[in-house]
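Subject: Structure handover and notes

Hello,

Here is the structure you are taking over. Please open it alongside these notes.

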Amino acid sequence: MKSTRLPGKVLTPIMGRPMLWYQLTRLKACEAEVVLSVPPADEPIRDLAASLGVRVVDQIEGEMIASHARVMRETDADIIVLAGADDPLLEPWLMDGLVGVLAGNPWVHFDHAYVESKGWPLGMNGWAWTRKGMEEADAEVTSLEERLHVRPWFARRPSRYPPQYIVHEPDLYDVRLTVDHEGDVRLMERILGELWPSAFTLADIMGVLDEHPDWL
């Protein structure tokens, strides 16, 4: 199950389409269902989701752990992956791989472990949790900081929630492929202009950036 955070910038147009449209279209290639966690009043994003056949679950404002727990309850999901909505280049196979790590461990329902990727560029990583772990966090979390995010609750309790990793080598985390600024939007336009609509991978993206080092 994929849950996506939704800052307002996700509707920024790129080549005539909202930025979020590219992410949702790519992630629909995942084996798991894609679900958007959306504020109740955010009609433009709801309309976009409906046009792509993507399910929407009402987001609880400022409560990311509670919102993820709600998605899992309403969709009856056993595993959930966090996919940032300002990361349009996420790889479907990596998202499925995160689910597979948890689903393939017979002890996961006892230790409530989580898994994350490491070494992908900033804007291409993902994190996955079990339903039991997320429900525990939702029931116990009190810190405002931990409620506003998801990962800190688990990362600060490694003995209770032992993490696992999918590691990319070499480490490419210093390559910035997320969208926070206008320059990031221009970079997405250039990359997608080269690679869309193919089912491109990180290797394809790095190949384009190697050909155009000035883009970074």
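Predicted model: local features only at pLDDT ≥ 70, side-chain atom pairs only at ≥ 80, totals over all residues.

Residues are numbered from 1 along each chain as its sequence is written, and side-chain values use heavy atoms, with hydrogens and water left out.

Helices (H or I, at least four residues) and strands (E, at least two) are DSSP runs, numbered from the N terminus. Axes are lines fitted to C-alpha atoms, for helices over the stretch in contact, and angles run from 0 to 180 degrees between N-to-C directions.

H3 and H6

Helix H3 covers residues 64-75 and helix H6 covers residues 131-140; their axes come within 9 Å and cross at roughly 135 degrees. H3 is therefore oblique to H6 (angles under 35 degrees count as roughly parallel, over 145 as roughly antiparallel, 65 to 115 as roughly perpendicular and the rest as oblique). The crossing of H3 with H6 is left-handed; that term applies if the near helix is turned anticlockwise from the far one by less than a right angle, and right-handed applies if clockwise.

On the H3 side, the contact (heavy atoms within 4.5 Å) is made by Ile65, Ala66, His68, Ala69, Met72 and Arg73, which meet Arg131, Met134, Glu135, Ala137 and Asp138 in H6. By class, the contact of H3 with H6 holds six nonpolar, one polar and four charged residues. Here Ala, Val, Leu, Ile, Met, Phe, Trp, Tyr, Cys and Pro count as nonpolar, Asp, Glu, Lys and Arg as charged, and the others, Gly among them, as polar.

H3 is largely enclosed by the rest of the structure, because nine of its twelve residues are buried (under 20% relative accessible area, with exposed over 50% and partly exposed in between, for a 1.4 Å probe and protein chains only). The buried residues of H3 are Met64, Ile65, Ala66, Ser67, His68, Ala69, Val71, Met72 and Thr75. The length of H3 also agrees with expectation: at 1.5 Å a residue its twelve residues should span 16 Å, and its end C-alpha atoms are 16 Å apart. The expected span is 1.5 Å times one less than the number of residues.

After H3 comes Asp76, in the loop between H3 and strand E6 (79-84). Asp76 is not a glycine, yet it has a positive phi of about 60 degrees. At 59% relative accessibility, Asp76 counts as exposed.

H9 and H10

Helix H9 (residues 182-195) packs against helix H10 (residues 202-211) at an angle of about 110 degrees, and their axes are 10 Å apart. That angle makes H9 roughly perpendicular to H10. Their crossing is right-handed. Leu187, Ile191, Glu194 and Leu195 in H9 meet Asp204, Ile205, Val208 and Leu209 in H10. This contact of H9 with H10 has six nonpolar, no polar and two charged residues.

The loop between H9 and H10 holds Pro197, which is joined to Trp196 by a cis peptide bond with omega of about 10 degrees. Another cis peptide bond joins Glu169 and Pro170, with omega of about 5 degrees. Pro170 is in the loop between strand E9 (163-167) and H9.

Helix H1 (residues 19-27) and helix H2 (residues 43-52) have axes 11 Å apart and pack at about 35 degrees. H1 passes H2 in a right-handed crossing. In H1, Leu20, Trp21, Leu24 and Thr25 meet Ile45, Leu48 and Leu52 in H2. The contact of H1 with H2 has six nonpolar, one polar and no charged residues.

The buried residues of H4 are Pro92, Leu94, Met95, Asp96, Leu98, Val99 and Leu102. The twelve residues of H4 (residues 92-103) should span 16 Å at 1.5 Å a residue, and the end C-alpha atoms are 17 Å apart, which agrees.

Two further residues

Met15 is in the loop between strand E2 (13-14) and strand E3 (17-18). Met15 has a positive phi of about 50 degrees although it is not a glycine, and at 45% relative accessibility Met15 counts as partly exposed.

Ser37 belongs to strand E4 (residues 34-38) and counts as buried at 2% relative accessibility. Ser37 and Glu211 are 174 residues apart along the chain, and their C-alpha atoms are separated by 37 Å.

Regards
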